[in-house]
Amino acid sequence: MRPRALVLRALGLGDFLAGVPALRALRRALADHETVLAAPSALAPLVTLSGAVDRLLPTGELESVPWSGPPPQIAVDLHGNGPASKAVLQALRPGRLVAFGGPGADGASVPGPAWDVDEHERDRWCRLVADAFGRNADPEDLLLPVPLVPVPARGAVVVHPGAASGARRWPAARYAAVAQWALAAGARVVVTGGDAERPLALQVCRLAGLPETACLAGRTNLCELAALVASARLVVCGDTGMAHLASAYRTPSVVLFGPTPPQRWGPPADGPHDAVWLGTAPADPHACRVDPALLRVTVPDVVRRASLRSGLPLGS
């Protein structure tokens with residue numbers, strides 16, 4: 001039986017995609033191990049597509065991992081820096097725990113490199129893997145193959161108004177204005193989101209004068225969404241998993257940041273992406289009200305950047 005390595009990253013789509021470079025480096029470093037990722041089951045299609053791990057173990061955020069058999073030889077905390085995530089892994093009694101230094105279960109100190117709050121998310125986890133295993137970990141190793149599924153709207157401008165918190169949601173009327181511009185410029189426009197975001201997506205469609213059929217929110221599975229982004233002419237969105245999908249397919253994008261600056265979560269600097277940030281300092285990304293830095297981003301500025309990235313005419 002192969003030795004097993006367990007990796008904890010039971011978070012959302014963007015978190016998984018930002019962790020792909022580190023997961024790939026870890027799998028190379030532990031080529032003789034079975035690499036098991038503890039993460040939400042909804043991510044399964046992209047986990048398989050990434051080729052970054054051998055197996056997904058469905059797990060909720062900071063929940064006990066449903067591990068069976070002998071303890072993992074190695075457990076890697078790619079989840080966070082608090083004691084809670086370390087404790088989840090320590091409860092399995094792994095042979096070795098790889099994590100950033102800090103308190104773990106019962107306040108006991110866990111050795112490891114220092115956490116840097118200003119470090120980019122991809123760089124952070126690659127640094128941890130490189131420090132632990134002495135192997136190169138490339139933060140730019142994030143591209144995904146395109147799923148072999150029908151594309152819901154090939155070559156479209158994709159507008160994604162949702163985000164996990166109100167702090168990161170640019171106003172619906174502004175997204176609608178960008179959609180109106182793209183429509184007037186001759187592009188096909190679709191509006192995306194999850195099931196819970198369908199009312200918001202429909203609102204953007206109504207304000208933009210788009211038919212209800214342009215609303216794909218709640219109508220695509222994860223593979224279809226990935227195929228849509230891979231074929232898209234442009235993606236316009238906030239600091240969400242959709243932005244990371246655009247990075248994974250090098251799809252031109254305009255990503256609106258606030259309250260967290262792109263230095264922590266932004267797309268690769270050498271990609272066809274515009275990261276728009278008009279803030280002065282990071283703020284609470286989980287707040288309910290839209291962040292002032294995001295409100296300072298204007299429709300004309302987004303349209304100008306979108307025109308440059310997509311090749312669509314700017315218009316009058």
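**Exercise 1. Work out which residues line the second largest cavity in this predicted model, and how they split by class.**

Step 1. Start with the list: R122, A243, H244, S247, V255, W265, G266 and P267 line the second largest cavity. The space inside is about 30 Å³.

Step 2. Sort the lining by class.

Step 3. Look for the main contributor. Helix 8 gives the most to this lining, with three residues.

**Exercise 2. Find what lines the largest cavity, and which helix gives the most to that lining.**

Step 1. The search over the whole structure turns up two cavities of 30 Å³ or more. For the largest cavity, the volume comes out at about 40 Å³.

Step 2. Its lining consists of L17, A18, R122, L142, H244, S247 and A248. Helix 1 (13-29) and helix 8 (241-248) are the elements that supply two or more residues.

Step 3. Helix 8 gives the most, with three residues. By class, the lining of the largest cavity holds four nonpolar, two polar and one charged.

**Exercise 3. Classify the ring pairs in the cluster of F100, W115 and W125.**

Step 1. The structure holds four aromatic pairs. Take F100 and W115: 5.3 Å centre to centre and 85° between the planes, an edge-to-face pair.

Step 2. F100 sits in the loop between strand 5 (96-98) and strand 6 (102-103), and W115 in the loop between strand 7 (109-110) and helix 4 (121-133), so this pair ties together parts 15 residues apart in sequence.

Step 3. Now W115 and W125: centres 5.8 Å apart and planes at 70°, so this pair is edge-to-face. W125 lies in helix 4 and W115 in the loop between strand 7 and helix 4, so the parts tied together are 10 residues apart in sequence.

Step 4. F100 is buried at 1% relative accessible area, and W125 is buried at 1%. W115, at 30% relative accessibility, counts as partly exposed.

Note on methods. Residues are numbered from 1 along each chain as its sequence is written. This is a predicted model: local features need pLDDT of at least 70, side-chain atom pairs count only at pLDDT 80 or more; totals for chains, interfaces and linings use all residues. Side-chain values use heavy atoms; hydrogens and water are left out. On a 1 Å grid over the protein atoms alone, a cavity is a set of points where a 1.4 Å probe fits but cannot get out, and a pocket is an open set with protein on both sides within 12 Å along at least five of seven lines; lining residues have an atom within 4 Å of a point. Grid points are joined across faces, edges and corners, and a volume is the space filled by probe spheres set on the points. Helices (H or I, at least four residues) and strands (E, at least two) are DSSP runs, numbered from the N terminus. Ala, Val, Leu, Ile, Met, Phe, Trp, Tyr, Cys and Pro count as nonpolar, Asp, Glu, Lys and Arg as charged, and the others, Gly among them, as polar. Rings of Phe, Tyr and Trp (its six-membered ring) pair if their centres lie within 6.5 Å; planes under 30 degrees apart count as stacked, over 60 as edge-to-face and the rest as tilted. Buried means under 20% relative accessible area, exposed over 50%, partly exposed in between (1.4 Å probe, protein chains only).
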